[in-house]
Amino acid sequence: MTPFELVEPATLKEALGLLDPDEARPIAGGTALMLMMKAGVFRPTRLVSLRAIEKLSAIDAAADGKLRIGAMTPLATVERSAAVRKHSPVITRTLRTLSNVRVRNVATVGGSLAHADPHMDLPPVLIALGARVAVAGRSGERAIPVEKLFAGYFETVLKRDELITELVVPGQGARRSCYLKCTTRAVHDWPALGVAVSLDCDTDTVHDARIVISAATERPIRLSGAEQALQGGRIGDVLWRRAGEAAAEEPELITDGQGSAAYKKQLVRVYVARALGAALDAGQAH
């Protein structure tokens, strides 16, 4: 590993000033960055630690269910949060099988999103929930929908002098959500496919749907064709299978160590239909 300087600024402004695009990288939990530095993928001469910036580590819930989660909040803290469990329990359920507890104790919300690994479980869930991130840089602040954050395989639209400061999850109202993943190994290992769905429906009809897949694609993507196949449809297995068929024909899938593109196409067909049914189960609301 290339020798590096570790600096620990106390304020966000100070941290941004230290982010030299050519020599420095921010470090949050470091669970992925340190592995990539050991492998020689990254060779920064300075690491800017964000741990001392207190305002980046908080979880707040508004009366309407909107959640604001600081970027430096550990995933394990989000997992155990009563506010998150109340307003977006699909996040809680997802985190329980994300990697392992040792990683979740260290890895942070902002760091995991900035890493942009397409196999991660949380991004498709956040996209299905309509979440956005607040971003700060030397030129100012901006908000980016999580759906627009990922540019490709391990790539985001973030500039080298920008940091994610906060995750904002809107109130979900009566929407019902679910996340399912398929892995041939332990449940907390990298999935061959992740599927997140969010439904606005009454007892008979689907009024609006969001369907997002990950792991089988280079970045998490929404399946607009499958979403349209659901709108106005009568709730039930026939509609779920129709959406699954539409979903299987829509994305460009990748072949990797978790399976071939042809195998993942069948997974999409089955798991989209399965996730839609699971979202309406009694324990799957929100």
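Is Lys181 buried or exposed, going by its relative accessibility?

Mentor: Keeping in mind that this is a predicted model, Lys181 counts as buried, because its relative accessibility is 15% and the cut-off for buried is under 20%. Lys181 belongs to strand 11 (residues 176-182), and its side chain meets that of Asp121 in a salt bridge, with N to O at 3.0 Å. The partner, Asp121, sits in the loop between helix 7 (109-115) and helix 8 (122-128), so that this pair links distant parts of the chain, 60 residues apart. Asp121 is likewise placed in the buried class, since its relative accessibility is 4%.

Side chains of opposite charge can pair when their charged atoms come close. One of these bridges joins Arg68 and Glu166, again at 3.0 Å from N to O; here Arg68 lies in strand 5 (residues 67-70) and Glu166 in strand 10 (residues 162-169), and the two are 98 residues apart. Arg68, at 32% relative accessibility, counts as partly exposed.

Another bridge is formed by Glu147 and Arg222, whose closest N and O atoms are 3.5 Å apart. Because Glu147 lies in helix 9 (residues 146-149) and Arg222 in strand 14 (residues 221-222), this pair ties together parts that are 75 residues apart in sequence. Glu147 is partly exposed, with a relative accessible area of 31%, and Arg222, at 29%, is also partly exposed. Elsewhere, Glu245, Glu249, Lys265 and Arg269 are linked in a network of salt bridges.

Charged side chains also lie over rings in this model: Arg25 is over the face of Phe42, at 3.7 Å from the ring centre, and Arg274 is over the face of Tyr271, at 4.8 Å from the ring centre. As for rings with rings, the structure holds 1 aromatic pair, formed by Tyr153 and Phe154, which is edge-to-face because the planes stand at 80°, with the ring centres 5.0 Å apart. Tyr153 is partly exposed at a relative accessible area of 39%, and Phe154 is partly exposed at 32%.

A buried residue of another kind is Ser49 in strand 3 (residues 46-49), which has 6% relative accessibility; a polar atom of the Ser49 side chain lies 3.4 Å from the backbone nitrogen of Arg51.

Terms used:
Residues are numbered from 1 along each chain as its sequence is written. This is a predicted model: local features need pLDDT of at least 70, side-chain atom pairs count only at pLDDT 80 or more; totals for chains, interfaces and linings use all residues. Side-chain values use heavy atoms; hydrogens and water are left out. Rings of Phe, Tyr and Trp (its six-membered ring) pair if their centres lie within 6.5 Å; planes under 30 degrees apart count as stacked, over 60 as edge-to-face and the rest as tilted. Buried means under 20% relative accessible area, exposed over 50%, partly exposed in between (1.4 Å probe, protein chains only). A charge sits over a ring if NZ of Lys or CZ of Arg is within 6 Å of the ring centre and within 35 degrees of the ring normal. Helices (H or I, at least four residues) and strands (E, at least two) are DSSP runs, numbered from the N terminus. A polar contact is a pair of N or O atoms within 3.5 Å; within protein, one must be able to donate a hydrogen and the other to accept it, and residues adjacent in sequence count only if both atoms are side-chain atoms. A salt bridge is a side-chain nitrogen of Lys or Arg within 4 Å of a carboxyl oxygen of Asp or Glu.
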